[in-house]
Amino acid sequence: MEKILVVDDDLGIQKQLKWSFAGYEVIFAEDRVSAIAQLRRFEPKVVTLDLGLPPDPANATEGMATLEEILELAPQTKVIVVTGNNDKKNALKAISLGAYDFYQKPIDSDTIQILVSRAMNLFNLEMENRHLAAVAPSMDKIIGQSEGILAASRKAERIAQTDISTLLLGESGTGKEVFARSIHEHSLRKDKAFVAINCASIPENLLESELFGYEKGAFTGANKTTPGKIETAQNGTLFLDEIGDMPIGLQAKMLRFLQERVIERVGGRSEIPVDIRVICATHRNLQSMVAEQTFREDLYYRIGEISIIIPPLRDRNNDVVLLARTFLVQYNDEFKTKIKGFSESAIKAMTQHKWPGNIRELQNKLKSAVIMAEGSHIQAEDLSLTVNDDILSIETLNLREVREQAESRAIRNAYQIAERNMSRTAELLGVTRPTLYSLIDKYHMDYIKTG
């Protein structure tokens, strides 16, 4: 049975709360000393704390001191402070110190039951997240427990120790480079270089020399022979991000390198053998580009011996909260801040937001929030997000939304089972190919069609 510690010197309130919390094991304390003793002995997940404690019940000094000591000894404990009807100032101060929530007398059983239930659920969720983080999976840099991310992680783990050419598919900001680095770090080449290059960020006329290097005198300004990224990755891993943006003219030279495993520098005549693993990534629809003849079909099949679909953040259920807590620890250390967590409104806002920029957007909002937050917990407004309570109230009841979620999940699962073969995917789903494409467009699942 879950434990709740009630800290209050009023026997009448103790009896009322014991009746209200009939489904919990309720422990009582009447002052700071007994509260800390009970905290150490029973380790309750939730504490209700009256700020007006003896020896100074008319003021909140003793209650505040008790709150600080509880959070110092057990920072994960959810403390709900109970204040007088006109004592909002101290209630807000308690929140800034790290209390989970506050409640003003007189006590209403139904309301405080809801507060305690939410606090207990949040404690259990955080405890589960800490457990998952402690039991590191093989692909330990890939954070998440949603169905799609686990499927992608398992696939990455299985191919990590092979040299098979891998194509990572997903929207911008979904973490394709994190996947690529994780594959490299769990490969037999992990002690060698990991070299990344973004094909979209380098001007077309410079990309060839960046990749293949150049000989001295090959062009104006080539004052010395310079190895390219491919040579630099010798015996390691080359990550070609946004391969869909590679100019069509350079694709032929890239195909030859992948087939023959030799390169020629710009302006050079000798072949240089290279032994590297190649991982590519794109947010583009390569199949459509092949049909439009803007991407070579033979190169497409060469780089995509194995494809891994990385789902967008909006399709990853509660992973956004797990990711946010992981990044919070990182940013607290980076910016020397002491933010303890997220308010309930912040968690609701994060789970409601569609995250068009995916994990990169989440990281940017969190960095800003960690720096700008005034309290000990990040609020929804610190993230520049809003909470839509109407969405929460109908989320599991709206048949249209339930149907859309079920259909999009089925499409993702079938696509993974069919190894990105659209005809096989349609067959597994029991629909025609045109119907499948129509559903993909309807649910904005463009990352599926990139396969």
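Modeller: Two strands pair if DSSP finds at least two bridges between them. Strands (E, at least two residues) and helices (H or I, at least four) are DSSP runs, numbered from the N terminus. The model is predicted: local features need pLDDT of at least 70, side-chain atom pairs count only at pLDDT 80 or more, and totals for chains, interfaces and linings use all residues. Residues are numbered from 1 along each chain as its sequence is written, and side-chain values use heavy atoms, with hydrogens and water left out.

Start at one end of the sheet. S7 pairs with strand S8 (residues 237–241) in the parallel sense, over five bridges. Asn198 has Asp241 in S8 as its bridge partner. Now the whole sheet. It is open and has five strands, ordered S7-S8-S11-S6-S12, with parallel pairing. Strand S7 (194–198) and strand S12 (306–309) are the edges; each pairs on one side only. On average, neighbouring strands are turned by 20 degrees against each other, direction ignored. Axes here are lines fitted to C-alpha atoms, for helices over the stretch in contact; angles run from 0 to 180 degrees between N-to-C directions.

Next, the packing. Helix H6 (residues 147–159) packs on the sheet. It touches strand S6 (166–169), strand S11 (277–282) and S12. Contact means heavy atoms within 4.5 Å. The direction of H6 makes about 150 degrees with that of S12.

For context, the chain has 20 helices and 14 strands. Its C-alpha trace spans about 90 × 55 × 35 Å along the principal axes.
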